Amino acid sequence: MYAPERHQTILDAARDAGRVEVTALAELLDVTPETIRRDLTVLERRGVLRRVHGGAIPVERLGAELAVPERQDVAGPEKDRIARAALAELPDGGTLLLDAGTTTARLAELLPTDRELVVVTHALPIAQVVAQQMAQRPNVTLHVVGGTVRGRTLAAVGVWAERALAEVFADVCFLGTNALTVEHGLTTPDLAEAAVKRSLISSARRTVVLADHTKFGRDDFAHVADLEAVDTVITDSATDPEILGDVEAAGPRVVRA
């Protein structure tokens with residue numbers, strides 16, 4: 001079976017079952033798991049599948065927002081590179097806002113010890129990461145924003161969160177996004193999450209968006225902000241260069257990690 005035929009078989013199976021597993025596909029198609037992983041990467045870059053731990057999900061299912069554990073391993077190596085590149089955007093000392101997200105969580109794990117930093121976040125996983133490291137990082141002060149916690153993202157949303165963010169002003173906001181296009185800017189599946197993201201943007205001097213290649217070229221339900229509200233977009237090398245050229249023309253500086 002040629003690769004294009006194999007890709008179509010994988011896509012059809014994913015659409016029929018709602019999800020495909022690497023090991024099952026390898027047995028079905030009589031190829032190695034490594035071949036299937038490469039096939040899934042190709043299909044993800046085509047925008048028809050989204051990689052998850054152990055397999056993939058067709059993008060048609062993504063109208064139902066993935067929970068944090070399902071998103072954790074999607075484009076994992078790319079998210080690691082983006083987080084490391086984001087370190088260059090940290091102030092020499094000062095305050096940063098960390099949005100909810102698996103890439104921003106990776107950045108939280110990498111915070112340096114050579115400068116005084118104040119971290120403000122409404123995301124429980126990120127607060128946990130920072131809190132667990134505070135014994136080794138006495139240079140970091142953590143503020144946790146409260147509100148109604150969404151089960152899918154484990155992030156606080158609602159009026160409480162928005163009011164708290166309105167009372168602070170940070171040097172830089174590191175923002176996640178579910179989707180990004182030149183036409184509609186940053187979008188996310190949930191209206192309450194979108195409102196908190198706008199509050200984060202308003203409460204920072206600069207906004208740096210951390211977005212792997214799977215986020216580009218697609219729109220979600222709730223509008224967060226146009227690209228002109230963003231200072232920098234950090235992505236990975238798999239993102240379409242033509243799309244990135246259009247993004248940069250819309251205003252933000254683009255960094256490829």
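What follows is a chat about the strands, helices and cores of a predicted model.

Trainee: What kind of model is this?
Mentor: The model is a predicted one.

Trainee: Let's start with the open sheet of three strands. What order do the strands have?
Mentor: The order is S1-S3-S2, and the pairing is antiparallel.

Trainee: Which strands stand at the edges?
Mentor: Strand S1 (20–21) and strand S2 (49–52) do. Each has a single partner strand, so one side of each is left without a neighbour in the sheet.

Trainee: How many bridges are there between S2 and S3?
Mentor: Four bridges pair S2 with strand S3 (residues 55–58), in the antiparallel sense. Within that pairing, Arg 50 has Ile 57 in S3 as its bridge partner.

Trainee: Which helix lies across S1, S2 and S3?
Mentor: That is helix H3 (residues 33–45), and it runs at about 135 degrees to S2.

Trainee: Is Asp 30 buried or exposed?
Mentor: Exposed: its relative accessibility is 70%, and the cut-off for exposed is over 50%.

Trainee: And Leu 154, where is that found?
Mentor: Leu 154 is in the loop between strand S7 (148–149) and strand S8 (156–157). Leu 154 also has a positive phi, of about 55 degrees, although it is not a glycine. With a relative accessible area of 33%, Leu 154 is partly exposed.

Trainee: New topic, helix H7. Which of its residues are buried?
Mentor: In helix H7 (residues 124–133), the buried residues are Ile 126, Ala 127, Val 129, Val 130 and Gln 133. They cover an arc of only 160 degrees around the axis, which puts them on the same side of H7.

Trainee: What covers the buried residues of H7?
Mentor: The cover includes strand S4 (94–98), helix H6 (102–109), strand S5 (117–121) and strand S6 (140–144).

Trainee: Now S12. How many of its residues are buried?
Mentor: Five of the seven residues of strand S12 (residues 204–210) are buried, so S12 is largely enclosed by the rest of the structure.

Trainee: Which strand pairs with S12 over six bridges?
Mentor: Strand S9 (residues 170–176), in the parallel sense. In this pairing Gly 176 stands opposite Leu 210 in S12.

Trainee: And how many bridges join S12 to S14?
Mentor: Three, and S12 and strand S14 (residues 232–235) run parallel. Val 208 has Thr 232 in S14 as its bridge partner.

Trainee: Which residues have the most contacts inside the largest nonpolar core?
Mentor: Leu 186 and Val 209, in a core of 28 residues. Helix H8 (159–166), S9, helix H9 (191–202), S12, strand S13 (222–225) and helix H10 (241–249) each supply at least two residues of this core. The largest share, four residues, comes from H9.

Trainee: What is Leu 186 in contact with, leaving aside its neighbours within four places in sequence?
Mentor: Its contacts include Val 209 along with Leu 175, Thr 177, Leu 180, Ala 222, Val 224 and Val 230.

Conventions:
Residues are numbered from 1 along each chain as its sequence is written. This is a predicted model: local features need pLDDT of at least 70, side-chain atom pairs count only at pLDDT 80 or more; totals for chains, interfaces and linings use all residues. Side-chain values use heavy atoms; hydrogens and water are left out. Buried means under 20% relative accessible area, exposed over 50%, partly exposed in between (1.4 Å probe, protein chains only). The arc is that of the directions from the helix axis to the C-beta atoms. Contact means heavy atoms within 4.5 Å. Two strands pair if DSSP finds at least two bridges between them. Axes are lines fitted to C-alpha atoms, for helices over the stretch in contact, and angles run from 0 to 180 degrees between N-to-C directions. A nonpolar core is a set of buried Ala, Val, Leu, Ile, Met, Phe, Trp, Tyr and Cys residues joined through side-chain atoms within 4.5 Å.
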